[in-house]
Amino acid sequence: MIEEPYNPNDPLFLASRSLDEDLSESERQRLEDALADSESLRAEVEKLRQVDHLVRRVADNEVELDWDAHARLIRAKVLDGRDTEREKKLDALLAHWGGVEVGVDKRAFTAAVVRKIGVPTRRPGRRSLIFRLGVPLAAAVAIALAFTGVFRSGSSIGPISEVSISRFAMVTPAGGSESTSIVSFGRQPAESYVPESTTPGISFIVLGASPMPEDYMEEAPPL
Amino acid sequence: MESHDLEARYEVAESAEVALVRRARDGDSEAFSDLVDIYQRRTVSVAYRLLGNIEDASDVSQEAFIRAYRHLGQLEDLSRFGSWLLRVVSNLALDFRRGRKRREAVSLDDSLTLPEEARQPGTGLRLTGADGEEAESLPDELQTAIDDAMGQLPEKQRLALVLFSIEGIPQKQVAEILECSVELVKWNVFQARKKLKEMLTEYL
């Protein structure tokens with residue numbers, strides 16, 4: 001569509017502005033003179049006025065939602081990442097799980113998790129041991145599945161290279177909130193490592209390997 | 001005298017909003033919540049006029065607030081928060097519409113969709129008149145024709161028409177949102193009307 005160049009003297013432009021009561025006295029006079037001289041211009045201006053009327057009819061209809069619920073949803077999304085109390089509780093759970101202070105050394109935390117789940121051999125009773133460690137249920141199930149996947153996929157697949165835990169809150173219809181955690185195990189190439197991930201939670205890579213990401217999502221106990 | 005009173009009241013309102021923006025920028029979540037209350041209707045409405053779908057509009061509005069919160073520190077003139085937020089909404093809506101970065105507009109928490117209670121029965125959209133009464137809606141065929149015609153307008157013209165003629169935002173603020181001159185806003189509104197005139201001939 002070829003755009004028309006700006007022309008402040010176009011009589012129809014003046015007519016458009018007159019609909020918005022945006023003309024100076026001299027411009028209004030110029031428009032009136034042009035209208036007096038041209039019947040076709042008067043017809044065009046009338047159509048322009050009708051278009052404006054239709055558009056304003058659209059404007060008469062206001063969008064309505066349950067604004068309180070909508071605002072709560074926005075707050076949950078925007079402010080969830082700044083809930084330091086929940087951060088502390090999650091850190092405590094992860095510390096218990098990984099056996100290290102995650103806030104101090106995330107790399108050591110990942111190494112601890114990988115030691116538990118990423119060894120290239122599988123011993124009987126391993127998974128039940130993990131469950132008994134008091135790990136959050138979601139994480140344990142995720143680990144077990146990822147662990148199983150390693151061996152089902154064959155020995156050509158490299159070790160788990162990434163462990164990430166993301167969590168988010170969801171506003172319930174009653175106005176409360178529920179939290180869900182996603183525990184992800186990945187085999188991303190090392191070059192995809194992003195030190196400052198934008199996702200909430202923890203996400204980092206300790207080993208590079210074959211590109212076969214695995215994700216598992218499960219409800220986690222309330223933090 | 002009356003005009004001075006209005007200006008004074010406007011300045012008080014503006015300075016109160018600037019104070020809110022400043023507090024939100026400094027990490028006061030309550031202040032940001034107040035800004036959400038002030039602007040959520042306008043942001044959803046603008047997004048809806050550009051997208052034609054209430055749930056997409058709600059998603060875009062939420063994403064705009066998230067981005068605004070994250071980047072509030074970059075806003076130099078706090079009195080322009082509203083224009084800045086609407087620019088974010090407009091850009092996101094247009095991106096959404098073009099299908100570009102659609103996945104980027106949805107953050108990790110994909111499941112954070114509009115709660116059932118936030119929706120209205122039926123289409124999710126309730127149309128009300130200025131007095132809050134149920135508005136007499138346009139005939140479906142005409143409404144569809146207008147929507148289709150507006151959807152064919154070039155983006156800047158559509159934005160100018162939505163912000164100025166439909167949302168009733170003053171031309172000066174529309175110019176701030178679109179980052180162009182006031183004259184160009186007027187021209188884009190005119191061009192939009194002119195194109196609609198051609199496209200809606202059978203209804204005029």
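Buried here means under 20% relative accessible area. Keep that cut-off in mind for this predicted model.

**Stop 1: helix α4 of chain A**

Select residues 67-79 of chain A, which make up helix α4. The helix has 13 residues. From first C-alpha to last it reaches 18 Å, close to the 18 Å expected at 1.5 Å a residue.

Now colour by accessibility. Ten of the 13 residues are buried, so α4(A) is largely enclosed by the rest of the structure.

Go to the start of the helix and show A:Asp66 with A:Asp68. A side-chain oxygen of A:Asp66 comes to within 3.2 Å of the backbone nitrogen of A:Asp68.

**Stop 2**

Over all chains, the structure holds nine aromatic pairs. Take A:Tyr6 and A:Phe13 next. Their ring centres are 6.0 Å apart and their planes meet at 75°, so this pair is edge-to-face; the cut-off for that class is over 60 degrees.

Which of the two partners is partly exposed? A:Tyr6 is, with a relative accessible area of 38%. A:Phe13 has 0% relative accessibility and counts as buried.

Together with A:Tyr6 and A:Phe13, they form one aromatic cluster. Then show A:Arg17. This arginine lies over the face of A:Phe13, at 5.7 Å from the ring centre.

**Stop 3: a ring pair between two helices of chain B**

Select B:Phe32 and B:Tyr69. They too form an aromatic pair, 4.6 Å centre to centre with 70° between the planes, and it is edge-to-face. B:Phe32 sits in helix α2 (residues 29-51) of chain B, and B:Tyr69 in helix α3 (residues 54-71) of chain B. The pair therefore ties together parts that are 37 residues apart in sequence. Are these two residues buried or exposed? Both B:Phe32 and B:Tyr69 are buried.

**Stop 4: B:Ser90**

Finish on helix α4 (residues 81-98) of chain B, and pick B:Ser90 within it. B:Ser90 has 2% relative accessibility, so it counts as buried.

What does B:Ser90 touch, leaving aside its neighbours within four places in sequence? Show B:Val46, B:Leu50, B:Leu159 and B:Ile177: B:Ser90 is in contact with each of these.

Conventions:
Residues are numbered from 1 along each chain as its sequence is written. Chains are lettered from A and ligands numbered from 1 in the order in which they are written. This is a predicted model: local features need pLDDT of at least 70, side-chain atom pairs count only at pLDDT 80 or more; totals for chains, interfaces and linings use all residues. Side-chain values use heavy atoms; hydrogens and water are left out. Rings of Phe, Tyr and Trp (its six-membered ring) pair if their centres lie within 6.5 Å; planes under 30 degrees apart count as stacked, over 60 as edge-to-face and the rest as tilted. Buried means under 20% relative accessible area, exposed over 50%, partly exposed in between (1.4 Å probe, protein chains only). Helices (H or I, at least four residues) and strands (E, at least two) are DSSP runs, numbered from the N terminus. A charge sits over a ring if NZ of Lys or CZ of Arg is within 6 Å of the ring centre and within 35 degrees of the ring normal. The expected span of a helix is 1.5 Å times one less than its number of residues. A polar contact is a pair of N or O atoms within 3.5 Å; within protein, one must be able to donate a hydrogen and the other to accept it, and residues adjacent in sequence count only if both atoms are side-chain atoms. Contact means heavy atoms within 4.5 Å.
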